[in-house]
Amino acid sequence: MALYLVTGGCGFIGSHLCAALAARGDAVRVLDDLSTGSRDNLLPGAELLQGDVADAALVRSAMQGVAGCFHLAAVASVERGVQDWLGTHRANLTGTIAVLDAARAGRVPVVYASSAAVYGEQHILPIAEDAPKRPLSAYGADKLGCEQHALVAGHVHGIATLGLRFFNVFGPRQDPRSPYSGVISIFCDRLARGEPVTVFGDGGQTRDFVHVADVVAALLAGLDAASTAAPVLNVCTGRATSVLDLAHAIAAACGRQADIRHAPARAGEIRHSLGDPTGARALLDLEPKVGLRQGLEEVVGWL
Ligand code: NAD
Ligand code: UD2
């Protein structure tokens with residue numbers, strides 16, 4: 001049994017990770033400011049340090065005695081980065097540097113959440129890890145900054161890291177009431193209650209939706225793959241789904257017809273985001289296990 005620090009452990013992905021760590025017999029310490037996460041998501045029996053991941057002293061104490069750190073705390077929203085550029089930068093990049101800095105003393109390996117947002121709009125699909133990085137949002141720019149500081153952490157300070165570029169993650173516990181929530185939780189919530197959904201633009205934009213269980217599997221396997229070379233991997237399925245097809249698939253999972261309204265496309269919206277999963281397959285020996293339809297039924301059942 002080992003003790004792991006999970007920053008953002010009261011959030012959507014972090015709470016699933018904590019449950020998986022406990023299920024394999026490990027102990028968990030959570031650092032979370034509960035800004036978007038919830039105390040209800042805290043793993044029963046886990047220690048909670050409530051505070052800001054950019055608070056260097058707090059992160060240093062949270063790092064004491066841990067065998068590894070999973071760094072997920074962030075303002076996980078492109079739109080929030082538009083509204084509060086400086087504030088999200090503090091959480092998303094300064095927070096990551098605070099984690100890496102605290103990992104120095106005990107040479108603690110760090111697996112951290114990056115994002116498909118580092119790629120921006122790409123013309124060659126699916127997107128492999130070595131594609132040019134052209135973030136189109138403060139959120140994506142800060143996630144790319146995390147990756148660059150992870151390189152520094154390895155090169156200068158000898159800290160082993162692995163960055164995981166999550167594509168569009170979905171699953172139970174993604175808060176559907178948050179205006180910044182992912183499209184699947186919003187659509188499932190509305191369609192299950194017989195309410196219309198709003199598709200931004202023509203709905204032909206596509207995303208690579210990956211189930212949270214597959215993300216957790218990548219995080220767990222990732223600790224052994226962390227190194228001072230600071231590798232970075234896509235966490236995705238390699239399958240594209242349009243927003244319109246998604247709305248119909250969710251309606252089918254709810255046993256209803258989709259009532260779809262259209263609104264103008266989001267400013268700066270990426271048209272197609274599709275990841276190449278072969279890098280993760282090779283390094284982590286992982287295949288995505290939960291298909292979209294199965295995952296949608298699970299979310300609808302959870303609501
Ligand atoms: P989430 O909002 O559910 O979880 C983030 C957690 O971090 C929350 O519990 C929140 O309270 C906490 N937090 C936020 N700011 C903090 C701060 N300054 N100090 C301490 N805690 C703070 O989001 P999530 O979807 O679980 O995202 C987890 C990670 O994965 C994030 O780093 C996010 O950027 C990344 N990611 C998510 C997706 C996705 O589709 N959900 C895609 C790509 C990357
Ligand atoms: C971005 C990132 C993703 C992750 C996520 C975190 C990219 C390509 N992806 O996802 O990696 O970091 O942010 O939040 O940068 N939509 C509707 N109606 C709605 C809600 C959404 O049509 O009510 C559309 C939206 O316009 C988009 C798609 O659904 O085309 C997905 O939107 P999202 O907010 O779930 O995630 P996205 O792709 O902005």
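I started at ligand 2, where a polar side-chain atom of Ser 115 sits 3.0 Å from one of the ligand's oxygen atoms. I count a polar contact as a pair of N or O atoms within 3.5 Å; within protein, one must be able to donate a hydrogen and the other to accept it, and residues adjacent in sequence count only if both atoms are side-chain atoms.

A note on the ground rules: this is a predicted model, in which local features need pLDDT of at least 70, side-chain atom pairs count only at pLDDT 80 or more, and totals for chains, interfaces and linings use all residues. Residues are numbered from 1 along each chain as its sequence is written, chains are lettered from A and ligands numbered from 1 in the order in which they are written, and side-chain values use heavy atoms, with hydrogens and water left out.

Next I listed the shell, taking a residue as near if one of its heavy atoms lies within 4 Å of the molecule or strand in question. Ligand 2 has 22 residues around it, and the closest are Val 183, Thr 198, Phe 200, Arg 207 and Glu 269. By class I get 13 nonpolar, 6 polar and 3 charged residues. Here Ala, Val, Leu, Ile, Met, Phe, Trp, Tyr, Cys and Pro are nonpolar, Asp, Glu, Lys and Arg are charged, and the others, Gly among them, are polar.

Which element gives the most to this shell? It is β8, with 3 residues. Helices (H or I, at least four residues) and strands (E, at least two) are DSSP runs, numbered from the N terminus.

Why does ligand 2 lie between the domains? Domain 1 (3-168 + 209-235) and domain 2 (170-208 + 239-272 + 289-302) both give residues to its shell, so ligand 2 lies between them. The domain bounds come from an automatic or database domain assignment.

**Ligand 1.** I checked its oxygen atoms in turn. Polar backbone atoms of Ile 13 and Gly 37 each come up at 2.9 Å from an oxygen atom of ligand 1. An N or O atom in the side chain of Lys 143 is also 2.9 Å from an oxygen atom of ligand 1. Two or more residues each come from α1 (12-23), β5 (110-115), α5 (138-157) and β7 (168-170). I noted that β5 gives the most, with 3 residues.

The shell here holds 29 residues, and Phe 12, Asp 32, Thr 36, Val 53 and Tyr 139 are the closest. They divide into 15 nonpolar, 10 polar and 4 charged.

**Between the domains.** I put the centres of domain 1 and domain 2 at 25 Å apart, taken over C-alpha atoms. The contact (heavy atoms within 4.5 Å) takes 19 residues from domain 1 and 22 residues from domain 2. Together the domains bury about 1,900 Å², 59% of it on carbon and sulfur atoms. Buried area is the accessible area (1.4 Å probe) that two parts lose on being put together, summed over both. In domain 1, the residues losing the most area to domain 2 are Phe 12, Phe 209 and His 211, together 42% of what that side buries.

**Backbone checks.** I found a cis peptide bond from Leu 125 to Pro 126, with omega near -5°; Pro 126 is in the loop between β5 and α5. Leu 34 is not a glycine but has a positive phi of about 60°, and I located Leu 34 in the loop between β2 (27-32) and β3 (47-50). Arg 173, not a glycine either, has a positive phi of about 80° and is found in the loop between β7 and α6.
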